[in-house]
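Work through the exercises below with the sequence and the 3D view open. Try each task before you read its solution.

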Amino acid sequence: MQMIDLINKKKYNQKLTAEEISFIVNGFTKGQIPDYQMSAFLMAVYFNDMDIEESTALALAMRDSGEVLDLTDIKGTKVDKHSTGGVGDKVSIVLAPLVAHLGAKLAKMSGRGLGHTGGTIDKLESIPGFKVVLPLDQFKNQVKEIGCAIVGQSGDIAPADKVMYALRDVTATVDSMPLIASSIMSKKLASGADAIVLDVKVGSGAFMKTLEDGEALSRIMVDIGKKAGKKVTAILTGMEEPLGHKIGNALEIYESVKTLEGHGPEDLTQVVAVISGHLLKHAGVVKDYESGYKLSYDTLRNGGALETFYTFVKAQGGDVNFLKNKDQILTKTKTYEVKANAAGFLEKVDALNFGIAAMKLGAGRATKDDVINLFVGIDLHKKIGDEVKVGDTICTIYHEEKGLKEAVEIVNNSYVVGPHKIKLDLIKETIL
């Protein structure tokens with residue numbers, strides 16, 4: 001088998017076999033196939049696409065390039081979720097203790113933030129002492145005993161994805177649906193869960209800007225998961241504005257605790273309950289999604305899962321008193337208020353730009369080597385559809401001087417007050 005023949009095959013839009021795709025992935029990961037040949041192959045895929053059998057073969061080959069977690073000694077259905085990334089997305093932090101409290105087992109590996117999207121691991125690390133690296137036995141025992149664990153993604157998980165993504169990033173082949181889907185699903189399939197819910201964000205603050213693109217990606221990922229023997233559901237959720245009110249690592253921990261206490265914003269509570277409803281159904285905790293959603297929503301509103309969150313944080317070395325005294329988070333930095341200069345209704349809050357503004361303050365990374373400030377960020381006081389009066393505070397910026405001027409300018413150019421009371425569709429579609 002020769003790489004040049006396989007490049008030619010895809011160049012002429014011919015279907016590759018699973019054996020051929022495995023040869024390409026293994027050869028490149030081991031350094032036997034040079035960058036220039038892999039670049040040519042990726043560009044051929046970009047222009048000619050892959051069908052679902054090829055996409056599944058690619059995801060499985062990437063999965064098998066490294067460690068595949070075996071969670072079979074944990075009784076019951078193990079569940080997981082993945083978000084394609086957004087602004088203010090702290091869903092995993094609220095979801096994990098919720099599903100654990102309600103009887104499911106969630107074993108999750110999460111990533112760090114890069115660019116305008118925050119990472120779950122960075123957010124959890126703003127809790128003093130929280131360990132994001134656990135030995136596998138401890139990880140599994142925690143899921144058995146508490147019902148949930150969240151750790152950083154192991155370097156041994158899908159190493160092919162890392163080297164392939166690095167090449168895609170510099171060859172303008174990132175935005176290929178089969179390559180995106182295979183990248184995401186290779187890591188999810190290697191993480192050992194039996195059932196997965198994919199939270200596919202759509203809108204200005206998401207990687208998928210349009211509903212059409214979000215649907216296309218979701219269908220490929222769901223099909224890959226099913227062909228790999230998993231239960232998979234995709235939820236398309238809106239990212240036209242930030243999720244919840246707070247953007248920034250410790251600020252999002254604050255909002256997560258508020259949500260688990262029963263006082264969270266409606267949009268965050270709803271998204272978590274929708275994902276939890278499907279996971280509880282997959283895990284056999286409830287008979288149908290509707291009862292899973294109601295159970296999840298009611299539990300969030302009555303604060304039932306808060307103690308499970310504290311137990312989860314304590315198990316991973318985190319300081320629970322930091323969470324119980326969460327109001328101190330709001331005193332760690334200086335603040336600056338952005339005021340409205342017009343009256344009406346908030347018609348637009350550009351999630352992408354608010355995420356970029358938070359990054360300028362130091363809440364996110366422009367490169368993987370950047371050091372982030374865990375306490376800076378933005379608190380959005382008004383959401384789309386809210387009434388606004390002249391002088392009302394649109395948002396509070398938590399800052400340490402760095403990037404403040406730039407952030408204020410970005411924010412002032414990223415919201416619109418007008419005469420129309422707009423209602424957004426938060427849950428846009430479910431793909432089973």
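**Exercise 1. In what order do the strands of the 4-strand open sheet stand, and which strands are at its edges?**

Solution. Keep in mind that this is a predicted model.
- Step 1: trace the sheet. The 4 strands run in the order β6-β9-β11-β7, with antiparallel pairing.
- Step 2: find the edges. β6 (246-247) and β7 (334-339) each pair on one side only, which makes them the edge strands.
- Step 3: look inside the sheet. Strand β9 (residues 377-380) is joined to β11 by 4 bridges, and the two run antiparallel.
- Step 4: pick out one pair. D379 stands opposite T396 in β11.

**Exercise 2. Which residues touch the most other members of the largest nonpolar core?**

Solution. 
- Step 1: take the core as a whole. It has 80 residues, and F309, L323, I378 and C395 touch the most other members.
- Step 2: ask which helix supplies the most. Helix α5 (residues 91-101) does, with 8 residues.
- Step 3: follow C395. Beyond its neighbours within four places in sequence, C395 contacts Y336, E337, V338, F354, I378, D379, L380, H381 and V411.
- Step 4: look for another core. A second, separate core of 22 residues includes L6, L16, M50 and L167.

**Exercise 3. Is S92 buried or exposed, and what does S92 touch?**

Solution. 
- Step 1: S92 is in helix α5.
- Step 2: apply the cut-off. Buried means under 20% relative accessible area. S92 has 6%, so S92 is buried.
- Step 3: list the contacts. Not counting residues up to four places away in sequence, S92 touches K81, K108, T120 and I150.

**Exercise 4. What lines the second largest cavity?**

Solution. 
- Step 1: count the cavities. A search of the whole structure gives 2 of 30 Å³ or more.
- Step 2: take the volume. The second largest cavity has about 40 Å³.
- Step 3: read the lining. It consists of L58, M62, D161, M164, R168, L179, S182 and S183.
- Step 4: assign elements. α4 (52-63), α8 (159-170) and α9 (177-190) are the elements that give two or more residues to this lining.
- Step 5: sort by type. The lining of the second largest cavity holds 4 nonpolar, 2 polar and 2 charged residues.

**Exercise 5. Where do A158 and E401 lie, and is each buried or partly exposed?**

Solution. 
- Step 1: recall the background. Most residues other than glycine have a negative phi.
- Step 2: read the angles. A158 has a positive phi of about 45 degrees. Phi of E401 is also positive, near 75 degrees.
- Step 3: locate both. A158 lies in the loop between β3 (148-152) and α8. E401 lies in the loop between β11 (393-399) and α17 (404-412).
- Step 4: check accessibility. A158 is at 0% relative accessibility, so A158 counts as buried. E401 has a relative accessible area of 46%, so E401 is partly exposed.

Key:
Residues numbered from 1 in each chain as written. Predicted model: local features only at pLDDT ≥ 70, side-chain atom pairs only at ≥ 80, totals over all residues. Heavy atoms only, no water. 1 Å grid on protein atoms, 1.4 Å probe; cavity = no way out; pocket = protein on both sides within 12 Å on 5 of 7 lines; lining within 4 Å. Points joined across faces, edges and corners; volume = space filled by probe spheres on them. Nonpolar A, V, L, I, M, F, W, Y, C, P; charged D, E, K, R; others polar. Core = buried A, V, L, I, M, F, W, Y, C linked by side-chain atoms within 4.5 Å. Buried < 20%, exposed > 50% of the residue type's maximum accessible area, 1.4 Å probe, protein only. Contact = heavy atoms within 4.5 Å. Pairing = 2+ DSSP bridges.
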